[in-house]
Amino acid sequence: MSMITTTAWVPRGFAAPFPTKYTFDEEEFERIAKLAKLQLDDAKEDLEEAQEEAQEGAKEEAQEEGGSAPTETKRKKGKKAKKNKISVDDDDLKEYDLEHYDDDDEEGVEGQEMAMFGNVKSLAYYESNKDDPYITLQGEEEDEDREDLQILATDNLLLAAKIEDELAHLEVYVYEDEADNLYVHHDIMLPAIPLCVEWLNIPVGEKPGYGKDSIANFVAIGSFDPDIEIWDLDTVDCMYPNAILGQGGNADEDKKKKKKKKSKKANDEYHVDAVLSLAANRKHRNLLASASADKTVKLWDLHTTKCAKSYTYHTDKVCSLAWHAVESTVLLSGSYDRTVAAADMRAPDAQPTRVGVESDVENVRWDPHDPNYFFVSTENGLIHYYDIRTASTDPASSKSVWKLHAHDESVSSFDLNSVIPGFMATGSTDKTVKLWNIGPTGPSMVVSRDFDVGKVFSATFAPDAEVAFRLAVGGSKGTMTVWDTSTNAAVRNAFAQKLPSGAVSAGDGAVEDRLVGIDNDEDSSSSEGEDEDDDEDDNGAAVDQEDESMDDA
């Protein structure tokens with residue numbers, strides 16, 4: 001099994017030109033030991049709870065069967081044990097000397113005491129590879145490794161959360177636009193299936209050489225585990241995250257205090273269920289919002305790695321978050337309770353503005369080109385467009401400006417182009433990606449395409465103006481594809497008049513389709529298809545216009 005669950009772009013210029021190799025020193029060892037001990041204590045508590053439950057269950061079962069039942073059970077077990085007993089005097093087993101199998105040899109070869117790694121002192125050890133006579137290509141190998149890790153200022157990083165053969169990890173791709181090249185730079189092993197990824201431009205945790213106001217290149221990862229892990233993308237081969245937001249990160253608490261028993265009940269300090277969405281505040285960079293299946297939204301201070309505030313606006317799982325671009329303290333949240341709330345984080349006790357939809361919410365987004373509007377995608381394939389100025393605290397009274405039946409199945413991912421106004425991409429579990437041109441009366445479809453990535457779980461535009469037409473697509477087959485949408489004739493015709501300064505298009509006339517990707521090893525099929533054959537008529541999608549038009553609103 002191989003699957004890409006979510007993706008995120010890193011803007012140009014934030015990645016270090018030469019990422020550093022992970023250093024495991026005494027200080028790092030102590031930090032990891034604290035985190036590992038905390039996880040080990042949690043595992044022991046879970047084991048003890050399971051054993052207690054099993055014992056209680058056995059007692060209840062014995063009481064139900066009557067007083068003679070336990071004695072009879074013991075007799076049966078005794079007979080079974082005798083039947084399964086293995087004799088070490090068996091002729092076939094004598095040669096293995098099983099009676100002395102676990103005995104430690106007091107003396108090894110030539111009188112040397114033997115133990116696990118007991119002869120390690122006899123091995124030659126050199127503090128530096130330069131002193132080792134058997135390493136001859138020292139300088140050349142180091143230069144080659146350094147060159148392989150180099151990231152240019154014109155490169156984008158693309159983060160893909162992936163499950164492969166029951167192992168979860170984050171793949172860090174380098175996308176070289178001019179060279180049409182996409183490759184895995186390094187990856188990060190994860191403890192649970194990743195569900196959301198958010199890029200951070202602020203250092204988190206103890207990072208030498210960084211101040212609180214420094215610019216950095218980090219990533220926050222939410223998964224089925226209730227803890228949020230923070231990793232440094234400029235360090236390769238890390239063993240443990242730089243910080244953990246949640247109960248698993250409380251390693252610095254007073255050791256004399258008895259560790260709190262792991263709670264499954266929602267609280268104001270940490271999540272107790274899967275983390276479904278993350279949103280970094282780009283104006284207040286130390287703030288990170290998280291949404292969870294425990295029905296809460298939490299606001300984290302990345303300077304202290306502690307929960308600053310917890311909010312309970314919804315009655316079901318909260319699955320999507322988005323910060324307002326202008327009013328930087330207003331957060332949009334979507335839930336399986338079929339409502340979307342817009343709340344000011346400075347007023348936790350105030351009733352948020354709400355809108356209601358017909359099915360479970362999948363994603364929410366503010367319009368990057370008009371802060372008065374926002375988008376909502378749903379499980380039944382619809383996209384709603386709302387005016388926040390007409391919304392109220394009653395979700396039943398809200399009416400969308402327009403709604404679009406984008407797909408026949410769930411709209412699992414959609415994105416708005418931050419550079420080109422009115423350019424929207426939607427991805428669905430029906431395995432198609434569609435591009436839309438949003439005009440004054442609503443959206444019209446430009447092109448529909450199947451990239452052979454399976455069910456589409458992520459479709460995101462690149463954040464920089466130079467690569468504004470690039471769309472990253474990932475799905476249930478575990479393959480990643482980057483498509484230069486400007487090489488499609490229908491896209492060029494639709495957005496030629498909307499291009500701002502700095503945005504680069506493929507130009508006019510016949511252009512060869514640009515599709516860059518890495519196929520899964522198990523999938524030998526090509527994801528490239530005929531460009532024009534996949535195009536559909538611009539009027540092929542139904543747009544339901546409400547009573548009020550956008551201008552009237």
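A word on the source. This is a predicted model, where local features need pLDDT of at least 70 and side-chain atom pairs count only at pLDDT 80 or more, while totals for chains, interfaces and linings use all residues. Residues are numbered from 1 along each chain as its sequence is written, and side-chain values use heavy atoms, with hydrogens and water left out.

Back to K431. Its phi is positive, about 75°, although K431 is not a glycine. Most residues other than glycine have a negative phi. Where is K431 found? In the loop between β24 and β25. Helices and strands here are DSSP runs, numbered from the N terminus: H or I of at least four residues for helices, E of at least two for strands.

D180 is another case. Its phi is near 50°, again positive in a residue other than glycine. D180 lies in the loop between β4 (167-176) and β5 (181-190). At a relative accessible area of 37%, D180 is partly exposed.

Now the overall numbers. The protein chain has five helices and 31 strands. Of its 553 residues, 46% count as buried. Take contacts, meaning heavy atoms within 4.5 Å. Among those in the protein chain with a separation of 6 or more, 55% are between residues 24 or more positions apart.

Next, the sheets. Strands pair if DSSP finds at least two bridges between them. β6, β7, β8 and β10 form an open sheet in that order, with antiparallel pairing. β6 and β10 (243-245) are the edge strands; each has a single partner strand, so one side of each has no neighbour in the sheet. From one strand to the next, the twist averages 25°. The angles use axes fitted as lines to C-alpha atoms, for helices over the stretch in contact, and run from 0 to 180 degrees between N-to-C directions. How many bridges join β6 and strand β7 (residues 218-223)? Six, in the antiparallel sense. V197 has I221 in β7 as its bridge partner.

There is another open sheet of four strands, in the order β15-β16-β17-β18, with antiparallel pairing. β15 (318-323) and β18 (353-356) stand at its edges, each with a single partner strand, so one side of each is left without a neighbour. Neighbouring strands are turned by 20° on average, direction ignored. β16 (residues 330-335) and β17 (residues 339-344) pair over five antiparallel bridges. S333 stands opposite A341 in β17.

On to the rings. Rings of Phe, Tyr and Trp (its six-membered ring) pair if their centres lie within 6.5 Å; planes under 30 degrees apart are stacked, over 60 edge-to-face, the rest tilted. That gives 14 aromatic pairs. One of them is F14 with W199, edge-to-face at 4.7 Å centre to centre and 75° between the planes. This pair links distant parts of the chain, 185 residues apart: F14 is in the loop between β1 (2-10) and β2 (20-21), W199 in strand β6 (residues 194-200). F14 is partly exposed at 28% relative accessibility, whereas W199 is buried at 7%.

F375 and F414 also pair. Their ring centres are 6.3 Å apart and their planes at 55°, so the pair is tilted. F375 is in strand β20 (residues 373-378) and F414 in strand β23 (residues 413-416), 39 residues apart. F375 is buried, at 1% relative accessibility. F414 is buried too, with a relative accessible area of 1%. Ring pairs join both into a cluster with Y373, Y385 and W402.

Charges over rings come next. The rule is NZ of Lys or CZ of Arg within 6 Å of the ring centre and within 35 degrees of the ring normal. The charged end of R365 sits over the ring of F414, 5.7 Å from its centre. R449 lies over the face of W483, at 5.0 Å from the ring centre.

Last, the cores. A nonpolar core is a set of buried Ala, Val, Leu, Ile, Met, Phe, Trp, Tyr and Cys residues joined through side-chain atoms within 4.5 Å. The largest has 21 residues, and F423, L435 and V491 have the most contacts inside it. Elements that each supply at least two residues include β24 (423-427), β25 (433-439) and α5 (489-495). α5 gives the most, with three residues. Leaving out residues up to four places away in sequence, L435 touches several residues, among them F423, W483 and V491. Apart from this core lies another, of 20 residues, including I202, V204, A220 and L278.

Definitions and conventions:
Buried < 20%, exposed > 50% of the residue type's maximum accessible area, 1.4 Å probe, protein only.
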